[in-house]
Amino acid sequence: MVHIEEAVARLRAAAESGRPCPPIRELDAFSISDAYAIQEDVLARRITPTNPRTGRKVGLTSPAVQRQLGVDQPDFGVLLADMAIADGGEIPASALLQPRIEAEIAFVLGADVPDAHPASVRRAVAHAVAALEIVDSRVADWDITIVDTIADNASSGLFVLGAERLGLDEVEPAAVSMTMRRNGEVVSSGTGADCLGDPLNALVWVAETAIRLGRPLRAGEIVLSGALGPMVPVRPGDLFEAEISTLGSVSVRAASPVSGASTDAPFSRKDS
């Protein structure tokens, strides 16, 4: 219990100071259940009536991203209202420590998900939408294992939803293709099948896990289903545009560098 409190304090301090912390796994041999308990405790201070929970994010669904981070299973985090950025908007430098970006499909739920049978989960989806997720880690140098990232709200940062909304009778998530450009250059690509074989499989996985943890998915929640291709570092001034077949496009720009700062340096709060 003491070590859980230390892990919570370590992650909160990193977020509040803008200085990444050592991995929490150094404190104890935390289980995955411990890690989700730490996640909830860290979030508790951020959740308010004006900053409620708005959804979940599934992480580590792409084999490419799993290889990048040295993990072998998905995880999930919680989305809050203050994590949303408008399509075409700007990533504020003050919000993040060491961000990376990935393109994916988001699902917006039209019904509660009291059971995780695949047919029930599919029926609960109101629509799918192209999304960008700006992931971030409070752990220095992204030196994470599965417990480090779960405790750190699955390395959540910010997210952007595109304008096009389609029902599952209009798009088959497993069949889409994705291309993401940074300043016009292709930097990531993939398909729906790169996300656990089908982004709907990720939605089923998080539905099952959320039920087991006592927080089932609810109508109105946004679920980011996971990366369709590799993550890419975010630099000051970068413009990211992702195109997902059938679902259309979504874009975001990182805040421009302060005077005299290098545009090749990683985008972080320390640049502001």
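**Pocket, strands and loops**

Modeller: Helices α1 (2-17) and α2 (32-44) each contribute at least two residues to the lining of the largest pocket; helices (H or I, at least four residues) and strands (E, at least two) are DSSP runs numbered from the N terminus. This is a predicted model, in which local features need pLDDT of at least 70 and side-chain atom pairs count only at pLDDT 80 or more, while totals for chains, interfaces and linings use all residues. Residues are numbered from 1 along each chain as its sequence is written, and side-chain values use heavy atoms, with hydrogens and water left out.

Biologist: Which helix gives the largest share of the lining of the largest pocket?

Modeller: A pocket is an open set of points on a 1 Å grid over the protein atoms alone, where a 1.4 Å probe fits and protein lies on both sides within 12 Å along at least five of seven lines, and its lining residues have an atom within 4 Å of a point. The lining here holds 22 residues, with Ala15, Arg46, Met83, Ala95 and Arg138 nearest the centre. The largest share of that lining, 4 residues, is supplied by α1.

Biologist: How many residues of that lining are charged?

Modeller: Ala, Val, Leu, Ile, Met, Phe, Trp, Tyr, Cys and Pro count as nonpolar, Asp, Glu, Lys and Arg as charged, and the others, Gly among them, as polar. On that scheme the lining of the largest pocket has 10 nonpolar and 4 polar residues, and the number of charged ones is 8.

Biologist: Is strand β10 (residues 222-227) largely enclosed or exposed, and which of its residues stands opposite Lys57?

Modeller: All 6 of the 6 residues of β10 are buried, so the strand is largely enclosed by the rest of the structure; buried means under 20% relative accessible area, exposed over 50%, and partly exposed in between (1.4 Å probe, protein chains only). Two strands pair if DSSP finds at least two bridges between them, and β10 pairs in the parallel sense with β1 (residues 53-59) over 3 bridges, whereas 4 bridges join it to β5 in an antiparallel run. In β10, the bridge partner of Ala106 is Leu224, and the residue opposite Lys57 is likewise Leu224.

Biologist: Which residues does Ser245 touch, not counting residues up to four places away in sequence?

Modeller: Ser245 sits in the loop between β12 and β13 (248-254) and is partly exposed, with a relative accessible area of 27%. Contact means heavy atoms within 4.5 Å. With those sequence neighbours set aside, Ser245 touches Ala175, Val176 and Ser177.

Biologist: How many Å apart in space are Gly110 and Arg218, C-alpha to C-alpha?

Modeller: Gly110 belongs to the loop between β5 (100-109) and α4 (118-124), and its relative accessible area of 53% makes it exposed. Although 108 residues separate Gly110 from Arg218 in sequence, their C-alpha to C-alpha distance in space is 8.2 Å.
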